[in-house]
Amino acid sequence: MSRIGKLPVPIPSGVELKFSGTTVSVRGPKGILERQLPPKVEVKVEDGKVVVAPLDTSDRVSRSMYGLTRTLIANMVQGVQKPFSKSLEVVGVGYRAELKGDKLNLQVGLSHDVNVVIPKTMTCKVDKLTTIHLESPDKELVGRIAAEIRSYRPCEPYKGKGIKYTDERVRRKEGKTGT
């Protein structure tokens, strides 16, 4: 059985949870999130806390899903209070990023510019043409968009050129002359 799934999720003041069937909606000061919950999981609100339990403890799918469900609800509650954020660095001569409306324009050594559409629920800021800051109440969305941006030019190990997370360490290699 999941140890994480057994922990209740506290509901802070200013955050509302609504359940309708298998859909949960969380409203807070930083936004509104909605998610379809997996079946075979029971979700209850007791004493200002959300308690998740499997419907059938002998069913393997039910047991495996209730820890995930608890974590998804906890991330939603946390996100509507304080949004999740990721930062990326663009490293390389001539590499730059610009924000044009709702599109992020990347010049990363390809034969063309790459345009990434930023969703409306996410805010994006670019500092000094080399640092990209993403912020949203949805943790999954922040990670997915950051990974998509990084995938256009991952950091290479010889010169360190490319797009990397700010907290990422790129393991550098010596070239052919390093004997």
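## A serine in helix α2

Let's start with Ser62, which is found in helix α2, residues 60-81. Helices here are DSSP runs of H or I with at least four residues, strands are runs of E with at least two, and both are numbered from the N terminus. This is a predicted model, in which local features need pLDDT of at least 70 and side-chain atom pairs count only at pLDDT 80 or more, while totals for chains, interfaces and linings use all residues. Residues are numbered from 1 along each chain as its sequence is written, and side-chain values use heavy atoms, leaving out hydrogens and water.

Is Ser62 buried or exposed? Its relative accessibility is 0%, so Ser62 counts as buried (buried is under 20% relative accessible area, exposed over 50%, partly exposed in between, with a 1.4 Å probe and protein chains only). Leaving aside neighbours within four places in sequence, Ser62 is in contact with Lys40, Val41, Pro54, Leu55 and Asp56 (contact means heavy atoms within 4.5 Å). A polar atom of the Ser62 side chain lies 3.2 Å from the backbone nitrogen of Leu55.

Strand β5 (residues 41-46) pairs with β6 in the antiparallel sense over 6 bridges; two strands pair if DSSP finds at least two bridges between them. Glu46 has Lys49 in β6 as its bridge partner. Together, β5 and β6 form a hairpin with 2 residues between them, and Asp47 in the turn has a positive phi of about 55°. Strand β1 (residues 9-10) also pairs with β6, antiparallel over 2 bridges, with Val9 standing opposite Val50.

## A sheet of four strands

Elsewhere, an open sheet of 4 strands has the order β11-β12-β7-β13, with antiparallel pairing. Strands β11 (123-127) and β13 (162-165) stand at the edges with a single partner strand each, so one side of each has no neighbour in the sheet. The twist averages 20° from one strand to the next (axes are lines fitted to C-alpha atoms, for helices over the stretch in contact, and angles run from 0 to 180 degrees between N-to-C directions).

Within this sheet, 6 bridges join β7 (residues 84-91) to β12 (residues 131-136), and Glu89 has Thr131 in β12 as its bridge partner. Helix α3 (residues 139-151) packs on the sheet, touching β7, β12 and β13, and its direction makes about 10° with that of β7.

Key
A polar contact is a pair of N or O atoms within 3.5 Å; within protein, one must be able to donate a hydrogen and the other to accept it, and residues adjacent in sequence count only if both atoms are side-chain atoms.
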